[in-house]
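Please read them with the coordinates open.

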Amino acid sequence: MPTTIHGIKNCATMKKTFAWFDGAGVAYQFHDYKKAGIDVATLARWCERLGWEALVNKRGTTWRKLSPEQQAIADTAAAIALMQAQPSLIRRPLVEFTDGELVVGLDTEAFERHCQR
């Protein structure tokens, strides 16, 4: 299974991520979680590894459009339900390397370190 880049296609940060991987000659597959959705098991695995706080984008338009009640995330289960219902809330990119390592955000230094292994 190749490296998977999770995110939303029409996002400036995603375009920079694709450009980095293409420029480095690193093979990847793309999972558009806005179009294809994201399953609870994947979100739970990510939350277990990174914590839901690392996954929820609180600086984006989608977050600002939520009601205060929706923004008051009580626990991991609530965060997972919210991310599944509103995939645009998930920070992007989320890069899942073949060995299971997860990198959230455009972190070219982490990409480079991992791809040189």
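1. A residue is called buried here if its relative accessible area is under 20%, and exposed if that area is over 50%, with partly exposed in between. The model is a predicted one. His6 has a relative accessibility of 6%, so His6 counts as buried.

2. His6 belongs to strand E1. Its side chain makes a polar contact of 3.2 Å with the side chain of Glu96. If neighbours within four places in sequence are left aside, His6 is in contact with Met14, His31, Tyr33, Trp46, Arg92, Pro93, Leu94 and Glu96.

3. In what order do the strands of the open sheet stand? The order is E2-E1-E3-E4, with 4 strands and mixed pairing. The edge positions are taken by E2 (28-32) and E4 (102-104); each has a single partner strand, so one side of each lacks a neighbour in the sheet. On average, neighbouring strands are turned by 20° against each other, direction ignored.

4. E1 (residues 3-7) and E2 run parallel and are joined by 5 bridges. Across this pairing, Thr4 stands opposite Gln29, and Ile5 stands opposite Phe30. Helix H1 (residues 12-24) packs on the sheet and touches E1, E2 and E3 (94-96). The direction of H1 makes about 165° with that of E1.

5. How many of the 5 residues of E1 are buried? The count is 5 of 5, so E1 is largely enclosed by the rest of the structure. Both of its faces are covered. Thr3, Ile5 and Gly7 are buried on one side, and Thr4 and His6 are buried on the other.

6. Thr17 is a residue of helix H1. With a relative accessibility of 0%, Thr17 counts as buried. A polar atom of the Thr17 side chain lies 2.9 Å from the backbone oxygen of Thr13. Not counting residues up to four places away in sequence, Thr17 touches Ile5, Pro93, Val95, Leu106 and Phe111.

7. Pro93 deserves a separate entry. Pro93 is in the loop between helix H6 (76-85) and E3. The peptide bond that joins Arg92 and Pro93 is cis, with omega about -5°. Most peptide bonds are trans.

8. Which residues of helix H7 (residues 108-115) are buried? They are Ala110, Phe111 and His114. Seen down the axis of H7, these buried residues fall within an arc of 100°, so they line one face of the helix. An α-helix has 3.6 residues a turn, so residues three or four places apart point the same way. The cover over the buried residues of H7 includes H1, E3 and E4.

9. On the other side of H7, Glu109 and Arg113 are exposed. For Arg113 the relative accessible area is 52%. Arg113 and Trp63 are 50 residues apart in sequence, and their C-alpha atoms are 31 Å apart in space.

10. The structure holds 8 aromatic pairs. One of them is formed by Phe21 and Tyr28, and this pair is edge-to-face, with 5.8 Å centre to centre and 70° between the planes. Phe21 is buried, at a relative accessible area of 0%, whereas Tyr28 is partly exposed, at 25%.

11. One aromatic cluster is made up of Phe18, Trp20, Phe21, Tyr28, Phe30, Phe97 and Phe111.

Terms used
Residues numbered from 1 in each chain as written. Predicted model: local features only at pLDDT ≥ 70, side-chain atom pairs only at ≥ 80, totals over all residues. Heavy atoms only, no water. Pairing = 2+ DSSP bridges. Helix = DSSP H or I, 4+ residues; strand = E, 2+ residues; numbered from the N terminus. Axes fitted to C-alpha atoms, helices over the stretch in contact; angles between N-to-C directions. Contact = heavy atoms within 4.5 Å. Buried < 20%, exposed > 50% of the residue type's maximum accessible area, 1.4 Å probe, protein only. Arc of directions from axis to C-beta. Polar contact = N/O pair within 3.5 Å; in protein donor to acceptor, adjacent residues only side chain to side chain. Phe/Tyr/Trp six-rings, centres within 6.5 Å; stacked < 30°, edge-to-face > 60°.
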